[in-house]
Amino acid sequence: MSDNNTNRDSFGSKFGVIAATAGSAIGLGNIWRFPYVAGENGGAAFLIIYLGFVLMIGIPVMLSEFFIGRSSQKNVFGAFRRLAPGRPWYLIGLMGVVAAFMILAFYTVVAGWTLEYIYQSLIDGFAGQSASQLNDMYNSFIGSTWRPLLWFFVFMGLTSAIIMAGVHKGIEKYTKILMPVLLLLLLALVIRSVTLPGAGKGLEFLFRPDFSKIGPSTILVALGQSFFSLSIGMGTLITYASYIRKDENLGFTALSVAMADTFIAVLAGVAIFPAVFAFNIEPGSGEGLVYITLPNIFNQMPGGYFFSLIFFILLTVAALTSTISVLEVIVAFFVEELKLKRRIATVIAAGSVSVIGVLCVLSFSSMAETKIFGFTVFQLLDFTSANIFLPLGGLFIVLFVAWYINRKAIDKELSNKGELKAGYIPFYLFVIKFIAPLAIAFIFLQGVGLINF
Ligand code: TRP
């Protein structure tokens, strides 16, 4: 494996690596998806299972992706071909590229909604509206055709512009500015939310577990959510790790990113559930949860106009630092495997994702009744990517590193050729050899109903 791939773009600093990688992980998955999924699956009990999965499965999978990416210095497909020449492992890479198309298509739809909400904040469109009016406003917006389509394309355009600018001058430059601001604004929101009258019930929902609400499918959903939130299981982090310099500490990076991601998800829960309960909204009310409750909080806040505007800008930002990471998977693949220019690769990738994206937008309007296995196109992509593609991808990724790669190569990469101690390696290997694959396989088979324990 060549260490001197000098023509390849890379992240310039330690903070740059963390900002970009945490930027990928922290996104709508934390602020939009986590609260509504936790809300639908019992709150605190879900959170505990979720945390367990992040620690025991998420971090080891993440580190495995870092290993694959940095040691190969390639896109997802090329990475497996380089580490396992002539073997079918590259199929995992192909599956990753397919998953990137699926995720980017539905994710960009929701990201587009954030732009509409910036616009509504700007024109003070939430002012004086009751909870049920905000609910109607949300439903009539997503159920219309042209506005969500417009915002979808604007968002895809923004994502493409950053990707065209490159890894160092695009991805890293923007994430370094955007991520710290996100944290500050979320903290401000948390403070407002927990000081609302009646907030205690929301905190109880999030932190006092009721295990009677947990079933086999909840466990699969918690696993899927942890994978989705950490950006693991499809090669986003393989791609990003291929830009990490050889002197960075991969173990430390994985731990920091996973902790930052989990912290932000919990914080988003703390910002949202107290408000949900304070305003008597159903915690299991689905994808609309944050788009309906947050404007409601802002209406009650001094300076709400301002907070609302900033918050939706920041939600946009969180989404953008994630969409770029998914688009990068496809673009790096096109550039390195199909030898396309970065610009052209970006246009083709974004254009083809948009075709599926349009179907996702229409899933809330003219195609609302078009169901596949009982799901709209949007729901199908959301559900199958998180609950099927990512766990399967994660399973094969850990099996690959644990059982195909030799121990020396792992030691060398994770210790930076002996520079770092990396005393966790034996434990990590034990987890990826036995615990993680068995747990993922079991939860997966149980969750989709193929076995019944
Ligand atoms: N993790 C991001 C979020 O929580 C979304 C995301 C980016 C993602 N890249 C991914 C999800 C790769 C799954 C796989 O918003």
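## Ground rules

A residue is called buried when its relative accessible area is under 20%, exposed when that area is over 50%, and partly exposed in between, using a 1.4 Å probe and protein chains only. This is a predicted model, in which local features need pLDDT of at least 70, side-chain atom pairs count only at pLDDT 80 or more, and totals for chains, interfaces and linings use all residues. Residues are numbered from 1 along each chain as its sequence is written, and side-chain values use heavy atoms, with hydrogens and water left out.

## Where the ligand sits

Let's start with the ligand. The largest cavity is the space that the ligand takes up. Here a cavity is a set of points, on a 1 Å grid over the protein atoms alone, where a 1.4 Å probe fits but cannot get out; a molecule sits in it if more than half of its atoms lie within 2 Å of its grid points. Helices are DSSP runs (H or I, at least four residues), numbered from the N terminus.

The ligand has 17 residues around it, and A25, G29, Y107, F228 and S231 come nearest.

A nitrogen atom of the ligand lies 2.9 Å from a side-chain N or O atom of S231. At S229 a backbone N or O atom is 3.1 Å from a ligand nitrogen, and a side-chain N or O atom of N30 is 3.4 Å from a ligand oxygen. On its own the ligand would expose 360 Å², and the protein buries 100% of that.

## Two residues with positive phi

Most residues other than glycine have a negative phi. S231, though not a glycine, has a positive phi of about 60°. S231 belongs to the loop between α10 (216-230) and α11 (236-241), and counts as buried because its relative accessibility is 11%.

K417 also has a positive phi, of about 55°, without being a glycine. K417 is found in the loop between α17 (407-414) and α18 (425-447), and its relative accessibility of 55% is why K417 counts as exposed.

Methods: A residue is near a molecule or strand if one of its heavy atoms lies within 4 Å of it. A polar contact is a pair of N or O atoms within 3.5 Å; within protein, one must be able to donate a hydrogen and the other to accept it, and residues adjacent in sequence count only if both atoms are side-chain atoms. Accessible areas come from the Shrake-Rupley method with a 1.4 Å probe; for residues, only the protein chains shown count as cover. On a 1 Å grid over the protein atoms alone, a cavity is a set of points where a 1.4 Å probe fits but cannot get out, and a pocket is an open set with protein on both sides within 12 Å along at least five of seven lines; lining residues have an atom within 4 Å of a point.
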